[in-house]
Amino acid sequence: MPFVRVAADHEIPVGHGLLVENNGLAVAVFNRGGGRFAACGAVCPHEDGPLADGWLEGDAVVCPWHGFDFDLVTGQCRVDADLAIPVYPVRVVGDAVEVDLP
Ligand code: FES
């Protein structure tokens with residue numbers, strides 16, 4: 001699976017997400033601060049909320065629609081164990097944020 005450049009690091013404010021698309025795949029990329037980033041599927045599996053518009057709470061992203069939160073390491077929903085999102089490895093090369101996409 002190739003790492004793909006999705007943004008420059010300064011394009012994503014700390015604590016916020018950015019919606020990116022690659023080959024039809026919508027991905028939410030978050031700046032966790034301290035040069036750390038995370039990436040996950042952009043669509044909330046609860047009712048299709050926009051996760052890139054959500055916010056971070058610790059290691060989780062919170063969906064802005066109904067507040068379900070998802071662990072950014074495992075993708076597991078902390079509210080409903082039946083829900084999960086895909087998570088993708090992220091690396092920073094220079095100022096480029098790169099995501100390992102399927
Ligand atoms: S759509 Fe995300 S919590 Fe409901």
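**Close-up views of a predicted model**

**View 1. Asp48 sits in the loop between strand 4 and strand 5 (55-57).** Strands are DSSP runs of E, at least two residues long, numbered from the N terminus. This is a predicted model: local features need pLDDT of at least 70, side-chain atom pairs count only at pLDDT 80 or more, and totals for chains, interfaces and linings use all residues. Residues are numbered from 1 along each chain as its sequence is written, and side-chain values use heavy atoms, without hydrogens or water. Asp48 has a positive phi, near 70 degrees, and is not a glycine. Most residues other than glycine have a negative phi. Asp48 is exposed, at 56% relative accessibility. Exposed means over 50% relative accessible area, buried under 20%, and partly exposed in between (1.4 Å probe, protein chains only).

**View 2. Asn23 lies in the loop between strand 2 (17-22) and strand 3.** Its phi is positive, about 50 degrees, though Asn23 is not a glycine. Asn23 is exposed, with a relative accessible area of 81%.

**View 3. Asp69, in strand 7 (residues 69-71), is buried without a salt bridge.** A salt bridge needs a side-chain nitrogen of Lys or Arg within 4 Å of a carboxyl oxygen of Asp or Glu. The nearest side chain of opposite charge is Arg78, 4.3 Å away. Lys and Arg count as positive, Asp and Glu as negative; His and the chain ends are not counted.

**View 4. Arg91 lies over the face of Phe3.** The distance to the ring centre is 4.1 Å. The rule asks for NZ of Lys or CZ of Arg within 6 Å of the ring centre and within 35 degrees of the ring normal.

Technical notes: Helix = DSSP H or I, 4+ residues; strand = E, 2+ residues; numbered from the N terminus.
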